[in-house]
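Here is a short note to read alongside the structure. Take the points one at a time, and find each residue in the viewer as you go.

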Amino acid sequence: MKGICFKEPLFNSIIEGVKTQTRRIVNIQPNDGRNWGIRTLLDSTDIEKSKHIGKNFYSILSDDKLREIDTDYRFFKPKYKVGEIVYLKEPYKLENLGNGVHKISYLYGGECKFVDINKLNIPAQKIGSIYSSQKRSKFGYANKLFMPNWAAQYFMKITNVRAERLKNISDEDCIKEGIENLQPYGFGNGLISKDKSVQIKRLYAHPKLAYAALINSINGKGTWESNPFVWVYDYELITD
């Protein structure tokens, strides 16, 4: 099972049912070169015309396997596919209660979870690595990047996948990404200002401006301006 990471405010928005969509940059970006063919990637009629040569590729439009196509064109497969169950990674802490039973608590909140590592057949070496990560952490929680699925408390199901340019995001999708409509004051991007004692959210006149600031804070300054291809994932939190 695959995991996925979010910044804490966005993580909380998912749990609250506010954020239902996320964009992830395509690892290798198409360009204007002959071997990439942006138009071909986005035009299904060109795919239909591609000749049969005996190899499978994937379209940047979806995760569906296509007919065998010419190697002059390169296609890409998204990390997550429709129907896949993904667990949400977050900082977590193990506490040994004895006889293989461990208590798991979470930095972002939520109820504690109890697991029996013997029944789950988890090697002692992996448990030791988690405790080492906790010890090195400033707050005593293991690094969320390496969180295993058995330690997770939240899961979500991918309901739709597509690809598009980052700047093609609609106002509606900005809201699905967690941008808050705080009219008549403006739109908030879900991130708290540096002065956490005040807890004031930065406001913008338009949802796309708020989202642009958000994506730059996640992927680095200039991300919005570079307008890369992104995978767009819709999902729903699994509550039962």
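Which residues are linked in a network of salt bridges? Keep that in mind while reading the points below, and remember that this is a predicted model.

1. The network. The linked residues are Lys-19, Arg-23, Arg-162, Glu-164, Asp-173, Lys-176, Glu-177 and Asp-234. Side chains of opposite charge can pair when their charged atoms come close. The count for this model comes to nine salt bridges.

2. A link across the chain. Start with Glu-177 and Lys-19, whose side chains meet in a salt bridge at 2.7 Å, N to O.

3. Buried or exposed? For Glu-177, the relative accessibility is 2%, so this residue counts as buried. Lys-19 is buried too, because its relative accessible area is 3%. The cut-off to remember is that buried means under 20%.

4. Two partners for Arg-162. Now look at Arg-162, which forms a salt bridge with Glu-164, the closest N and O atoms being 3.4 Å apart. Arg-162 also forms a salt bridge with Asp-173, and here the closest N and O atoms are 2.7 Å apart. Asp-173 lies in helix 5 and Arg-162 in strand 7 (residues 155–165), 11 residues apart, and the pair links distant parts of the chain.

5. How accessible are these three? Glu-164 has 12% relative accessibility, so it counts as buried. Asp-173 is buried as well, because its relative accessible area is 8%. Arg-162, at 25%, counts as partly exposed.

6. Moving to another feature, you will find an open sheet of three strands in the order 4-5-6, paired antiparallel. Its edge strands are strand 4 (92–98) and strand 6 (113–116), each pairing on one side only. On average, neighbouring strands of this sheet are turned by 30° against each other, direction ignored.

7. Strand 4 and strand 5 (residues 101–106) run antiparallel and are joined by six bridges. For a landmark, find Tyr-92, which stands opposite Tyr-106 in strand 5. Helix 4 (residues 124–136) packs on the sheet and touches strand 4 and strand 5. The direction of helix 4 makes about 125° with that of strand 4.

Notes. Residues are numbered from 1 along each chain as its sequence is written. This is a predicted model: local features need pLDDT of at least 70, side-chain atom pairs count only at pLDDT 80 or more; totals for chains, interfaces and linings use all residues. Side-chain values use heavy atoms; hydrogens and water are left out. Two strands pair if DSSP finds at least two bridges between them. Helices (H or I, at least four residues) and strands (E, at least two) are DSSP runs, numbered from the N terminus. Axes are lines fitted to C-alpha atoms, for helices over the stretch in contact, and angles run from 0 to 180 degrees between N-to-C directions. Contact means heavy atoms within 4.5 Å. A salt bridge is a side-chain nitrogen of Lys or Arg within 4 Å of a carboxyl oxygen of Asp or Glu. Buried means under 20% relative accessible area, exposed over 50%, partly exposed in between (1.4 Å probe, protein chains only).
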